[in-house]
Amino acid sequence: MEKFNYQDVQEAYKRIHSYIPTTPLVESFYLGDEDKKYFFKLESMQKAKSFKIRGALNKMLTLTDEEKAKGVATVSSGNHGSSVSYAATILGIDKAIIIVPESTPKSKTDKIEYFGATVMRLGKDYDEAHQLGMKYIKENDMTYIDAYYDDPKIYGGQGTIAIEILEQNPEIDTIVVPIGGGGMITGIAVAAKAIKPTIKIIGVQTEACPAMIKSYEDNVFYEEYPSKETYCDALVGGVGKLSYEILKDYVDDIIEVKEESIAKSVDFMITEEKFVAEAGSCTTIAAVNDFSERIGGKNIALVISGGNIDGEVIKEILCKY
């Protein structure tokens, strides 16, 4: 039996679709021309403003009463944490602890707390927070909700984005997806290629932390990876084991984009398209601006994975560009 396949995504879709909205797929006003159309898949319009509610909710809907009673916990740079917090509220799980790096923006911790979970700051960056957080979760016998490592329930939930995209517009021939740990792109790629084998899946990473690109170039599973300074706090750290093992069989290309190009894309989304999108999401727009020929396609979906951008970062980018 394969570790993860389209059936996992189909089962996830049945579980979660009555709990969360189908997010809009809207055509860009400014990208594209007569030959190419670009569409934004606005996961930034989820209630928790992130695609990660899909995986978290799918996993948490399968927990036993005993697992729920122990309380749930996770380690997150922000978006997965607010999604676990929100899912715990939906499902009536009383105890939820979200461990975040000390550098996590207040906008993200505010959202985690708004949905009811307790925030615990541990470690200077994601990789250190993960080490310390996993130790805490184990010692306190809590139920761990994986962010991206190797849980098929998480990957299955994220893959439901592909089902929605291809139901909303069957003409889509290319999907461009940001890559952090790799759970979203792997889920999307497995589902999309099962539904439409000719579809192209393009991943995008920031130059500040190209962990998946380097994993494949070096033929090494980088569970941890150092990050330079970046606007893309949601895309830092290493890659998921399951993603590393199978993504290469499904993805058509992975593009690395520059931080300056990402920042300009954040500015473009706010001032031109009128959507607030976090920098990690705007890697897809940076890729279109810098590598449109490499991406190809005629009807291209750009996954806007989240909208939890810190207000100070917005001000900084808008002042700069």
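These legends walk you through several close-up views of a predicted model.

**View 1. Threonine 174 sits in strand E7.**
Let's start with a single residue. Strand E7 covers residues 174-178, and threonine 174 belongs to it. Is threonine 174 buried or exposed? Threonine 174 has a relative accessible area of 1%, so it counts as buried. Its side chain makes a polar contact of 3.0 Å with the side chain of aspartate 173. If you set aside neighbours within four places in sequence, threonine 174 is still in contact with several residues, including Ile199, Lys200 and Ile202. Its contacts also include Ile295, Gly296, Gly297, Asn299, Ile300 and Ala301.

**View 2. The largest nonpolar core holds 62 residues.**
Which residues of this core touch the most other members? They are Met60, Val72, Ile175, Ile188 and Ile201. Take a closer look at valine 72: leaving out neighbours within four places in sequence, it is in contact with Met60, Leu63, Val84 and Ala88, among others. Ile93, Lys95, Ala96, Ile97, Met142, Thr143 and Ile145 are also in contact with valine 72. Another core, of 32 residues, lies apart from the largest one, and among its members are Phe40, Ile202, Cys282 and Ile304.

**View 3. The largest pocket has a volume of about 430 Å³.**
This pocket is lined by 20 residues. Which of them are closest to its centre? Look for Ser103, Ser227, Thr230, Asp233 and Val236.

**View 4. The largest cavity has a volume of about 300 Å³.**
How many cavities of 30 Å³ or more does a search of the whole structure find? The search finds three. Around the largest cavity there are 30 lining residues, and those nearest its centre are Phe51, Lys52, Gly180, Gly181 and Ala234. Two or more lining residues come from each of these elements: helix H4 (79-91), helix H7 (152-168), helix H8 (183-195) and helix H12 (279-295). H8 gives the largest share, three residues. By class, the lining of the largest cavity has 13 nonpolar, 15 polar and two charged residues.

**View 5. The second largest cavity has a volume of about 60 Å³.**
Residues lining this cavity include Lys108, Tyr231, Cys232, Asp233 and Ala234. Glu278, Ala279, Gly280, Asn308, Ile309, Asp310 and Val313 line it as well. Six of the lining residues of the second largest cavity are nonpolar, two are polar and four are charged.

**View 6. Glycine 183 is part of helix H8.**
With a relative accessibility of 6%, glycine 183 counts as buried, because buried means under 20%. Its contacts beyond four places in sequence are Tyr148, Tyr155 and Gln158. Now find valine 239: glycine 183 and valine 239 are 56 residues apart in sequence, while their C-alpha atoms are 8.6 Å apart in space.

**View 7. Lysine 49 and lysine 274 each have a positive phi.**
Lysine 49 is not a glycine, and its phi is about 60°. Where is lysine 49 placed? It is in the loop between strand E2 (37-42) and helix H2 (53-60). Lysine 49 counts as partly exposed, at 35% relative accessibility. For lysine 274, phi is near 65°. Lysine 274 lies in the loop between helix H11 (259-273) and H12. Its relative accessible area is 60%, so lysine 274 is exposed.

Definitions and conventions. Residues are numbered from 1 along each chain as its sequence is written. This is a predicted model: local features need pLDDT of at least 70, side-chain atom pairs count only at pLDDT 80 or more; totals for chains, interfaces and linings use all residues. Side-chain values use heavy atoms; hydrogens and water are left out. Helices (H or I, at least four residues) and strands (E, at least two) are DSSP runs, numbered from the N terminus. Buried means under 20% relative accessible area, exposed over 50%, partly exposed in between (1.4 Å probe, protein chains only). A polar contact is a pair of N or O atoms within 3.5 Å; within protein, one must be able to donate a hydrogen and the other to accept it, and residues adjacent in sequence count only if both atoms are side-chain atoms. Contact means heavy atoms within 4.5 Å. A nonpolar core is a set of buried Ala, Val, Leu, Ile, Met, Phe, Trp, Tyr and Cys residues joined through side-chain atoms within 4.5 Å. On a 1 Å grid over the protein atoms alone, a cavity is a set of points where a 1.4 Å probe fits but cannot get out, and a pocket is an open set with protein on both sides within 12 Å along at least five of seven lines; lining residues have an atom within 4 Å of a point. Grid points are joined across faces, edges and corners, and a volume is the space filled by probe spheres set on the points. Ala, Val, Leu, Ile, Met, Phe, Trp, Tyr, Cys and Pro count as nonpolar, Asp, Glu, Lys and Arg as charged, and the others, Gly among them, as polar.
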